[in-house]
Amino acid sequence: IQQDVETNDSITYLSKSNTSSKKSQFLLPDGTRVNLNADSEITFPEFFNDSLRIVHLSGEAYFDVIRDENKPFKVISEDIVTTVLGTSFNISAYPETGQVHIALVSGKVAVQKNNPGAQSYLIKPGEKILFDQNSKYEVISNFDLLTETGWKEGILVFENASFPEFLSRLERWYGVEFLVQGKPAETWQIEGRFDNESLEEILKGVR
């Protein structure tokens, strides 16, 4: 894990990041536990102020937030703001996908776009919300816990994944780059669970 330090207006900001194939776990200044996925970065102040806890995320992370009713905890990912008091949730916001996913494991969260007057969505445990940055739609649905958070334990789950999505996740997961000759059928999809398996084992399993 890489850590950078930046000072701005007397506030020191810390940045932790992972390259492809690397994952990490650490504590924020308030004791909130963060699992940071591969090819992801999180930025936060060295100390939270008296009224608010704000972090910025690019990529994917799982948060187990320390409850503090006097200090809401906000995660800004792309143009989406997720606000909580104390809860466990997963956010996936890789810029290249054009989508932000927030999956709530426990507690309550409010999610909205980062602009004045934007609608706020309240989701319950077992629900996730998807924001698509290109087509501008939002969808709330139920989710499978292992599919959304299994990455923390080295479990890679695909649900009707397209060929580009499949390759993109493998490149990020294993820190590799694929050169593809030809292309699969338009209807190519994959479903499967891979538990701490090597790249070779996965590729053999989908031939």
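**Pockets and loops of a predicted model**

The second largest pocket has a volume of about 160 Å³. At least two of the lining residues come from each of β2 and β6, and β6 supplies the largest share, with 3 residues. Sorted by class, this lining consists of 7 nonpolar, 2 polar and 1 charged residues.

The largest pocket has a volume of about 680 Å³. Several elements each give two or more residues to its lining, namely the strands β9 (88-93), β10 (99-106) and β15 (155-161) together with the helices α1 (145-149) and α2 (163-174). In total, 25 residues line the largest pocket, and those nearest its centre are S92, H101, V157, E165 and R169. The element that contributes the most is β15, which provides 6 residues of the lining. The class composition of the largest pocket is 8 nonpolar, 10 polar and 7 charged residues.

The loop between β6 (53-64) and β7 contains R67. R67 counts as exposed because its relative accessibility is 51%, and the cut-off for that class is over 50%. Although R67 and G86 stand 19 residues apart along the chain, their C-alpha atoms are separated by 3.7 Å. Leaving aside residues up to four places away in sequence, R67 touches L85 and G86. The side chain of R67 also takes part in a polar contact of 3.2 Å with the side chain of E69.

S21 is placed in the loop between β2 (11-18) and β3 (24-27). Its phi is near 75°, a positive value in a residue other than glycine. Is S21 buried, exposed or partly exposed? With a relative accessible area of 31%, S21 is partly exposed, because this class lies between the limits of 20% and 50%.

E78 occupies the loop between β7 (73-77) and β8 (80-84). Phi is positive in this residue as well, near 55° in E78. The relative accessibility of E78 is 38%, and therefore E78 counts as partly exposed.

Methods:
Residues are numbered from 1 along each chain as its sequence is written. This is a predicted model: local features need pLDDT of at least 70, side-chain atom pairs count only at pLDDT 80 or more; totals for chains, interfaces and linings use all residues. Side-chain values use heavy atoms; hydrogens and water are left out. Helices (H or I, at least four residues) and strands (E, at least two) are DSSP runs, numbered from the N terminus. Buried means under 20% relative accessible area, exposed over 50%, partly exposed in between (1.4 Å probe, protein chains only). Contact means heavy atoms within 4.5 Å. A polar contact is a pair of N or O atoms within 3.5 Å; within protein, one must be able to donate a hydrogen and the other to accept it, and residues adjacent in sequence count only if both atoms are side-chain atoms. On a 1 Å grid over the protein atoms alone, a cavity is a set of points where a 1.4 Å probe fits but cannot get out, and a pocket is an open set with protein on both sides within 12 Å along at least five of seven lines; lining residues have an atom within 4 Å of a point. Grid points are joined across faces, edges and corners, and a volume is the space filled by probe spheres set on the points. Ala, Val, Leu, Ile, Met, Phe, Trp, Tyr, Cys and Pro count as nonpolar, Asp, Glu, Lys and Arg as charged, and the others, Gly among them, as polar.
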